Amino acid sequence: MGLFDNAVPGGNITKPLMIALGALLVGKMLSGRSEEPAAPPAPAPAGTGASADGGLLGGLGGLLDKLKDAGHGNVADSWVGTGQNQPINPGDLGSALGPAVIREIAQRTGMNEQELLQQLSTALPGIVDKLTPNGQIPQNHQVASAFNS
């Protein structure tokens, strides 16, 4: 997967996990990577403030804001910063994202919610770290480019 090869322990990012990450961060990927025409993005769950091209949470910045709002700002900041990435518990991640977002992504990936949260909690620290190499949060179109490369 190019940029994300070393982002996940074991270096294996499965297609369902890429769909899940894309659903969180890149609106165009909400339907997954198939040959079928992309369905229009589903309306964002109420209160997420998602933008049309920034996934269910309005992009990487929206994801980080959700984590900070849920009391996990230090963890999120560690992923963006240049130091060691702190882990996040799957339950804490689920609480931060909210049940509507988790349910939506689980349906799109075909994964059950617990498996989804386990994989996202493992992958997100490295993915966010790779997307923010200089401690700067990229624009939504830059994140989309990273997923499409």
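**Entry 1: Asn89**

I located Asn89 in the loop between H3 and H4; helices here are DSSP runs of H or I with at least four residues, strands are runs of E with at least two, and both are numbered from the N terminus. I noted that this is a predicted model, in which local features need pLDDT of at least 70, side-chain atom pairs count only at pLDDT 80 or more, and totals for chains, interfaces and linings use all residues. Residues are numbered from 1 along each chain as its sequence is written, and side-chain values use heavy atoms, with hydrogens and water left out.

**Entry 2: His72**

I then turned to His72, which is found in the loop between H2 and H3. His72 counts as buried because its relative accessible area is 16%. Which residues does His72 contact, leaving aside neighbours within four places in sequence? I listed Leu67, Ile88, Asp92 and Ala96, where contact means heavy atoms within 4.5 Å.

**Entry 3: Helix H5**

In H5 I recorded Val101, Ile102, Glu104, Ile105, Ala106 and Thr109 as the buried residues. Their cover includes H1, H4 and H6. Just after H5, I noted that Gly110 takes a positive phi of about 80°.

**Entry 4: The nonpolar core**

I looked up the largest nonpolar core, which has 41 residues. Such a core is a set of buried Ala, Val, Leu, Ile, Met, Phe, Trp, Tyr and Cys residues joined through side-chain atoms within 4.5 Å. Among the residues with the most contacts inside this core are Leu120, Leu124 and Phe147. Helices H1 (15-25), H2 (60-69), H3 (73-80), H4 (90-97), H5 (99-109), H6 (113-131) and H7 (140-148) each supply at least two of its residues. The largest share, eight residues, comes from H6.

**Entry 5: The chain as a whole**

I counted seven helices and zero strands in the protein chain. Buried residues make up 47% of its 149 residues. Of the contacts with a separation of 6 or more, 67% join residues 24 or more positions apart.

Lastly, I checked confidence. The mean pLDDT (the predictor's confidence in each residue, from 0 to 100) is 79 for the protein chain, and 73% of its residues reach 70 or more. Over residues 29-53 the pLDDT is below 50, and this stretch has 42 contacts in the model beyond near neighbours in sequence.

Conventions. Buried means under 20% relative accessible area, exposed over 50%, partly exposed in between (1.4 Å probe, protein chains only).
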